[in-house]
Amino acid sequence: MPSTIDLRSDTVTKPSPAMRQAMAEAVVGDDVYFEDPTVNRLQEQVAELFGFEASLFVPSGTMGNQIGLKLHSQPGQEIIVEARSHIYNWEVGMGAAFAGVVPRLFNAEQGQPTWDDIEPLIQPKVYYRAQTAMVCLENTHNMAGGTVMPVETFRHICEQTHAAGLKVHLDGARIFNAATALGVSVAELTRGADSVMFCFSKGLGTPIGSMVVGSREVIDRAIVYRKMLGGSLRQVGVLAAACLVALEESPQNLIHDHENARFLAEEIADLPGISVDPTQVVTNIVIVDVAGTGLTSASVCERLAYRGVLTGPVSPTQIRFVTHRDVDRLSCKTAAQALRRLVTEID
Ligand SMILES: *Cc1c(COP(=O)(O)O)cnc(C)c1O
């Protein structure tokens with residue numbers, strides 16, 4: 001049997017040889033005393049790249065997002081967040097447990113709202129209503145299929161949200177994918193946010209690591225919340241070193257992941273029982289509805305795994321393919337053929 005093709009997530013990527021070498025050679029110190037030169041360099045470089053005053057290394061995207069909620073809210077306040085968002089669905093209810101916020105959910109087509117979707121959700125300023133603290137956005141939107149929010153839409157939402165006296169946190173776990181798809185810099189794509197979280201551990205390929213980006217004042221408070229969550233690390237330079245390599249080598253390669261995702265979608269779009277629109281695939285995520293096969297998504301994933309292709313069910317009828325640096329075009333073709341065989345063998 002040929003080797004497994006793992007399309008469950010871009011988190012399955014293994015560190016590159018250059019990353020492993022940089023990790024082995026990293027100059028380190030105790031970051032609780034702010035004495036790790038490598039993480040300090042990473043934090044300065046990321047802040048500069050994003051055009052913000054400061055940034056902070058955190059062990060996971062979940063921690064970065066939850067720090068983001070805590071930064072801009074008080075317990076009992078509301079956050080406006082899209083119904084399929086990572087912050088609401090995949091962070092174990094931590095918004096309630098740590099920041100103590102109540103989600104005000106809404107559905108946006110393709111996961112990407114405009115100001116018209118958001119404005120009516122802001123609560124009136126009367127004492128018996130939970131007050132709205134902030135708006136959370138997700139770019140790219142994972143569960144909507146890696147969709148992107150254009151720069152103008154993001155700017156407009158930030159301006160209007162600020163005019164309403166509220167803050168914006170951007171879950172930019174895959175912001176480099178969004179920037180690649182739109183052909184803009186991450187600085188252009190995040191300007192106006194009060195805090196941004198992005199992940200090194202996804203398509204950028206490091207073993208661990210996410211960042212919170214913001215003003216100096218925001219990051220000084222984020223350091224306290226990171227400590228509360230147990231996320232202050234010691235000789236973290238061994239991890240930061242891999243992130244510095246990722247900044248150099250990874251963003252320019254994301255375009256290949258996007259082309260492979262579109263290719264995969266095109267290869268399977270005409271299969272019986274399979275529903276996916278390849279023109280909607282603009283980054284590295286392909287969400288496919290398999291209801292027409294008569295099988296559950298879990299069953300399709302199980303049958304694909306038997307054929308050496310790993311994917312994940314994301315709803316009872318949908319499965320998700322994620323392309324990344326460790327799968328090439330041929331692997332995507334093989335994966336598509338496996339699905340083709342699977343659906344034509346069902347009776
Ligand atoms: C993966 C992901 C996160 C969280 O990252 P972890 O490092 O797994 O905690 C947050 N938001 C989105 C959109 C993600 O895809």
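**View 1. Ala-242 counts as buried, because its relative accessibility is 0%.** Buried here means under 20% relative accessible area (1.4 Å probe, protein chains only). This is a predicted model, where local features need pLDDT of at least 70, side-chain atom pairs count only at pLDDT 80 or more, and totals for chains, interfaces and linings use all residues. Residues are numbered from 1 along each chain as its sequence is written, and side-chain values use heavy atoms, with hydrogens and water left out.

**View 2. Ala-242 and its contacts from elsewhere in the chain.** Ala-242 sits in helix α11, residues 237-249; helices are DSSP runs of H or I, at least four residues, and strands are runs of E, at least two, both numbered from the N terminus. Skip the neighbours within four places in sequence, and Ala-242 is in contact (heavy atoms within 4.5 Å) with Met-19, Met-23, Thr-206 and Pro-207. Met-19 is 223 residues away along the chain, yet its C-alpha atom is 4.6 Å from that of Ala-242.

**View 3. The shell around the ligand, with α3 giving the most: three residues.** The shell splits into three nonpolar, six polar and five charged residues.

Technical notes
Ala, Val, Leu, Ile, Met, Phe, Trp, Tyr, Cys and Pro count as nonpolar, Asp, Glu, Lys and Arg as charged, and the others, Gly among them, as polar. Buried means under 20% relative accessible area, exposed over 50%, partly exposed in between (1.4 Å probe, protein chains only).
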